[in-house]
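Look at the structure below before reading on.

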Amino acid sequence: MSYNSSSSRRDSPKREDESRNNTHRKRSRFDDDDDSKTTGRSDGPRAPKQRKRFDGNDPFAKDRAEEGKYQWGTAEQREADAAAEAQRHKDLANKLQPDFKPSGALEKAARTTEKGVEMKYVEPAEARKPPTRWRLYPFKGEEALEPYMIYKKSCYMFGRDRQVVDIPTDHPSCSKQHAAIQFREVEIEDKSTGMTKRVVKPYIIDLGSTNGTFLNSVKIDSERYIELLPKDSIKFGFSTREYIVIHEKVSVNAPDI
């Protein structure tokens, strides 16, 4: 008996339907797409499910709003708390305001020497070099020492710091920047004419020293100009060394004026 393959295929449509159904089941087993389950078609891998994002709404906002309706404590306490809160905001606002006051940094830099020493004293605007030849005679007990010519510039500083002072005072009771003799241009009245005129006079100033400056055995006020007269005596701290101020028109041996 011969076998006819073409007739066999035509005679078995049931087998073809079963084959299609089996293929459909295999594809549905591995395909998670919802559409593929219903239609039997798959267009590719399934897109991931989108999670529900937080929309920014506070779920407890309503509860907080309800709590805000109630105020705890007495009326006086609430007023005090409100005043303290207002003062805190005011202080914060003042703190954030710009401060244009001078900090003193520029002045400090101007007072600092090339060697890095900050000067305690700065000459005033009326500082002038004296036209008269003033001298300063130091005495150590009865012994007269070499005099200082103090007419070559407008200011002479005394103290232990030899880097900045003009006339060193090495006694331990003296400060590093102890005092200064300053020549200043001032106005005085001419008694003969009754008119005012400008002259240059010497002044002594203590620079806030620890043990003070003495003029004619009297301690002078700190940071104040005191006029010097011929034959005035100056001492610094507890040092026994004495300085006598003289100018060229007055002799050392002349009687006191």
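Both Trp134 and Phe183 are buried, where buried means under 20% relative accessible area, exposed over 50% and partly exposed in between (1.4 Å probe, protein chains only). The model is a predicted one, in which local features need pLDDT of at least 70 and side-chain atom pairs count only at pLDDT 80 or more, while totals for chains, interfaces and linings use all residues. Residues are numbered from 1 along each chain as its sequence is written, and side-chain values use heavy atoms, with hydrogens and water left out.

The structure holds five aromatic pairs. Rings of Phe, Tyr and Trp (its six-membered ring) pair if their centres lie within 6.5 Å; planes under 30 degrees apart count as stacked, over 60 as edge-to-face and the rest as tilted. The ring centres of Trp134 and Phe183 are 6.5 Å apart and the planes stand at 55°, so this pair is tilted. Trp134 belongs to strand β1 (residues 134-140) and Phe183 to strand β6 (residues 179-189), so the pair ties together parts that are 49 residues apart in sequence. Strands (E, at least two residues) are DSSP runs, numbered from the N terminus.

Gln182 also lies in strand β6. Gln182 is buried, with a relative accessible area of 0%. Its side chain makes a polar contact with the side chain of Glu123 (3.1 Å); a polar contact is a pair of N or O atoms within 3.5 Å, and within protein one must be able to donate a hydrogen and the other to accept it, with residues adjacent in sequence counting only if both atoms are side-chain atoms.

Which residue in β7 stands opposite Gln182? It is Tyr203. Strands β6 and β7 (residues 196-206) run antiparallel and are joined by 11 bridges; two strands pair if DSSP finds at least two bridges between them. The charged end of Arg184 sits over the ring of Tyr203, 4.8 Å from its centre. For this, NZ of Lys or CZ of Arg must be within 6 Å of the ring centre and within 35 degrees of the ring normal. Arg184 also lies over the face of Tyr225, at 4.3 Å from the ring centre.

The mean pLDDT of the chain is 78, and 61% of its residues reach 70 or more; pLDDT is the predictor's confidence in each residue, from 0 to 100. Where pLDDT is low, the predicted coordinates should not be read in detail.

Methods. Helix = DSSP H or I, 4+ residues; strand = E, 2+ residues; numbered from the N terminus.
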